[in-house]
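Subject: Handing over the structure

Dear colleague,

Here is the structure that I promised to pass on to you. Please open it beside this message and keep both in view as you read.

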Amino acid sequence: MKQELTKPQQITFDVTDRCQMKCVTCSKWKTVASDVMSKELTTQDWKNVLEKLHNWLGEGFWFCFSGGEPFLRPDIFEIAEHAHSLGIKVASMTNSFSIEHLYEKIVDSPIESLNLSLNAINNPIVHDISRGRDGSYAKTIAAIHELIRIRNQKHASLGINIATIMMPENLDEIIPLVEFVTKNKINGIMFQLMDDKESFHGYFYQKGCPTHTYKMPQMLRDEYKKMAKKATEIVDKLIEMKQAGHSIYNSYEQLNAMKVFFNNPDDILKEIICDVGTTNFAIDPYGDVRLCFNMLPVGNIKETLPEDIWINAESEKCRHLTKTCKMYCRMLNCNFKHNFANFNKSFIHKAKNKLVKILAGKL
Ligand SMILES: C[S@@+](CC[C@H](N)C(=O)[O-])C[C@H]1O[C@@H](n2cnc3c(N)ncnc32)[C@H](O)[C@@H]1O
Ligand code: SF4
Ligand code: SF4
């Protein structure tokens, strides 16, 4: 029976490919800034995008700023304000490298949830090497503590989350990171399995890649093999910690899939059919829309209404291709529906806080 197509659940605004980091796991930073900046959607373009999405999806849906580094675009606050005025909820990712002057502004802004990337807690060098820049760890830790302090001082409700890549170099850091989250009352942590760095590419030069003939590089396969035993034990511990109440956003479904993956990556191709085709709507810095971030765009939102992109011949082709896709990015967080609900917890938390303030006569 043909599954009925609903509307997208995961909307991403990749506002720029530009980035000041040189993460070893990512290829985005290789995009040359001076070439691409003038091609990016303008502030007004993004506001128009929001209005088009609002006409289609109504109020209450949320989207996440990502990239590249979203805070390299100072206008994301203005875009977030516009979203808020339309009843749309906003989250953002960040590498925390250039946000020192923005802490107050972030806490006061309509951004409801900020996800800071952090790959280690006990060993700063592990984080800095993974990000390709010294001082990155110190900046991220400072950002976390300052944002919490300002949020609490203002009785604000910004959700502060950590996003961590799980990779061979940081396995000893995974459990301490969860302990750090719990100890510091950070809203939660989301783990993401290291994927091929070619999956994290800028969109101007690389529009898509051949997903049905993809072969995992032998080096990456060897890395996974090397980490399989230890990583499986760690994921078991994460499951225990989640059951005990630690705020780990990954669903049990994803954590269990990770264990299958570590022990034989190819099994996951049979077990999990990637459903990005029916859940994702990712808008790149130039307005091109992808359901799968590794496949070709299915339309451009400057030229076409989102609902006409969602149901068109290119989208159908993409959905068809996902069925024979041989890539492993299906292990990434965006492909596990239950994660969205968990991530949105901070929105619920914010709504609750608002209610408490109203009852206390503070608003
Ligand atoms: C592409 S970044 C964009 C946002 C921002 N620049 C940042 O790093 O937070 C989004 C997330 O992908 C993660 N990431 C980067 N390379 C990855 C890889 N090869 N596998 C899995 N996650 C990766 C980053 O650590 C970050 O949490
Ligand atoms: S992961 Fe984020 S911070 Fe690192 S290079 Fe890619 S876009 Fe930049
Ligand atoms: S696994 Fe999913 S996200 Fe990755 S390339 Fe295939 S269809 Fe796209």
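How many residues surround ligand 1, and which are the closest? Ligand 1 is surrounded by 20 residues, and the closest are Thr25, Met93, Ser117, Ala163 and Asp195; a residue is near a molecule if its C-beta atom, placed from the backbone, lies within 6 Å of it.

Before going on, please note that this is a predicted model, in which local features need pLDDT of at least 70 and side-chain atom pairs count only at pLDDT 80 or more, while totals for chains, interfaces and linings use all residues. Residues are numbered from 1 along each chain as its sequence is written, and chains are lettered from A and ligands numbered from 1 in the order in which they are written.

The ligands

The shell around ligand 1 draws at least two residues from each of strand 2 (62-67), strand 3 (89-94) and strand 5, where helices (H or I, at least four residues) and strands (E, at least two) are DSSP runs numbered from the N terminus. By class, this shell around ligand 1 holds 8 nonpolar, 8 polar and 4 charged residues; here Ala, Val, Leu, Ile, Met, Phe, Trp, Tyr, Cys and Pro count as nonpolar, Asp, Glu, Lys and Arg as charged, and the others, Gly among them, as polar.

Around ligand 2 you will find Cys19, Met21, Cys23, Cys26, Lys28, Trp29, Gly67, Gly68, Glu69, Asn95 and Phe200, a shell that divides into 6 nonpolar, 3 polar and 2 charged residues. Ligand 3 has around it Thr211, Cys274, Val276, Cys292, Asn294, Met295, Thr322, Cys325, Met327, Cys329 and Arg330, and in this shell 7 residues are nonpolar, 3 are polar and 1 is charged.

The chain as a whole

The chain contains 15 helices and 9 strands, and its C-alpha trace spans about 60 × 50 × 45 Å along the principal axes. For 363 residues, a compact globule would have a radius of gyration near 21 Å, and the chain, with 20 Å, agrees with this; the radius is taken over C-alpha atoms, and the globule rule is 2.2 Å times the number of residues to the power 0.38. Of the 363 residues, 43% count as buried, a residue being buried if 20 or more other C-beta atoms, placed from the backbone, lie within 10 Å of its own, exposed if 12 or fewer do, and partly exposed in between. Among the contacts with a separation of 6 or more, 75% join residues 24 or more positions apart, two residues being in contact if their C-beta atoms, placed from the backbone, lie within 7 Å.

Which residues of helix 2 are buried? They are Trp46, Val49, Leu50 and Leu53, and they cover an arc of only 100 degrees around the axis, which puts them on the same side of helix 2; the arc is that of the directions from the helix axis to the C-beta atoms. An α-helix has 3.6 residues a turn, so residues three or four places apart point the same way. On the other side of helix 2, Gln44 and Asn55 are exposed, whereas the buried residues pack against strand 1 (10-16), helix 3 (76-85), strand 7 (280-283) and helix 12. Just after helix 2 comes glycine 58, with a positive phi of about 75 degrees.

In helix 7 (residues 174-183), the buried residues are Ile174, Leu177, Val178 and Val181, and these too lie on the same side of the helix, because they cover an arc of only 100 degrees around its axis. They pack against strand 5 (159-166), strand 6 (188-193) and helix 8 (218-243).

Residues in loops

Lysine 185, in the loop between helix 7 and strand 6, has a phi near 55 degrees, a positive value in a residue other than glycine, and it counts as exposed, with 10 C-beta neighbours inside 10 Å. Serine 96 likewise has a positive phi, of about 65 degrees, although it is not a glycine; serine 96 sits in the loop between strand 3 and helix 4 (103-108) and is buried, with 24 other C-beta atoms within 10 Å. Leucine 305 lies in the loop between strand 9 (299-300) and helix 12 (306-310), and with 13 C-beta neighbours inside 10 Å it counts as partly exposed.
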